Amino acid sequence: MTTIMRKSVLSVAGLAFAGGVFAGPIAAHANPVDAKPVATAVQSAAPKPQGEQSRIDLNGEQTANVKAIIAATKKAGLPERAAVISIATSLQESKLENLGHLGDMNDHDSLGLFQQRPSSGWGTPEQITDPAYSTTAFLKGLKQVDGWQDMPLTDAAQTVQVSAYPDAYAQWEQQATDLVGQYWNS
C-alpha cells in the first residue's frame, strides 16, 4: 500500500472514529425508524438528584417566588421538570430572593431571582426583577437547549445561565422537586 493511500485510509478511519465520538451522544437520543416500543406504560421518573443536597427554610417572599416560577412555567406550557430546573437555578442564584442591585457585592449588573444581567440582553432592570418576566426569560433559554428534559439538572441550568460554578445547581434539585410537588397543583 502506498504512503498516500495509507494516509487516506487512516484519515477516513480517524474521521469515522471522531464522528462516532462526537455524534455518539446525539445519536444515542435518536429513535431508529424501525424501533419497537419496549414497554407500553409511560414512565415519568425524573432523574435522581446529583451529589449532596442543600436545603433552606423559605420565608413568605421566597414561597411567593416559588409560586410565581410555577405559574410562569404553566403559562409557558412546560412540564413540572422545567419548574424544578427553574427553582433549583433560582435557589442557587439568589436563594429565591428577588435581588436588586447589591452595590459592591453585586456580580456585575446581575439582578432578580436568576441573577440575569441587563448588559447580557436578559431585559431591563425592571423586567429582570419581575419574577414572571425573569422566569419566562429563563424558560425561553431552557427551551433552546436540546434534550433539556432528559439531561441532568445542573447541565440544563448551566447551559442557560453560563455560571462560573456550573455544578452548583445540582445541590438544590431535591428541594426544588419537593417545592414543585407541594405547589404545582395549588
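Here is a short chat about a predicted protein model.

Visitor: What should I know before I start looking?
Guide: Residues are numbered from 1 along each chain as its sequence is written. Since this is a predicted model, local features need pLDDT of at least 70 and side-chain atom pairs count only at pLDDT 80 or more, while totals for chains, interfaces and linings use all residues; side-chain values use heavy atoms, with hydrogens and water left out.

Visitor: What is the average pLDDT of the protein chain?
Guide: The average is 79, and 70% of the residues score at least 70; pLDDT is the predictor's confidence in each residue, from 0 to 100.

Visitor: Over which residues does pLDDT stay under 50?
Guide: That would be residues 1-44. Where pLDDT is low, the predicted coordinates should not be read in detail.

Visitor: Why is the pair of Phe114 and Phe138 called stacked?
Guide: Rings of Phe, Tyr and Trp (its six-membered ring) pair if their centres lie within 6.5 Å; planes under 30 degrees apart count as stacked, over 60 as edge-to-face and the rest as tilted. Here the centres are 4.9 Å apart and the planes are at 10°, so the pair is stacked.

Visitor: How do you know whether Phe114 is buried or exposed?
Guide: Buried means under 20% relative accessible area, exposed over 50%, partly exposed in between (1.4 Å probe, protein chains only). Phe114 has 0% relative accessibility, so Phe114 counts as buried. Phe138 is buried too, with a relative accessible area of 0%.

Visitor: What makes you say the charged end of Lys74 sits over the ring of Trp184?
Guide: The rule asks for NZ of Lys or CZ of Arg within 6 Å of the ring centre and within 35 degrees of the ring normal. The charged end of Lys74 sits over that ring of Trp184, 5.1 Å from its centre.

How values were computed:
Contact means heavy atoms within 4.5 Å.
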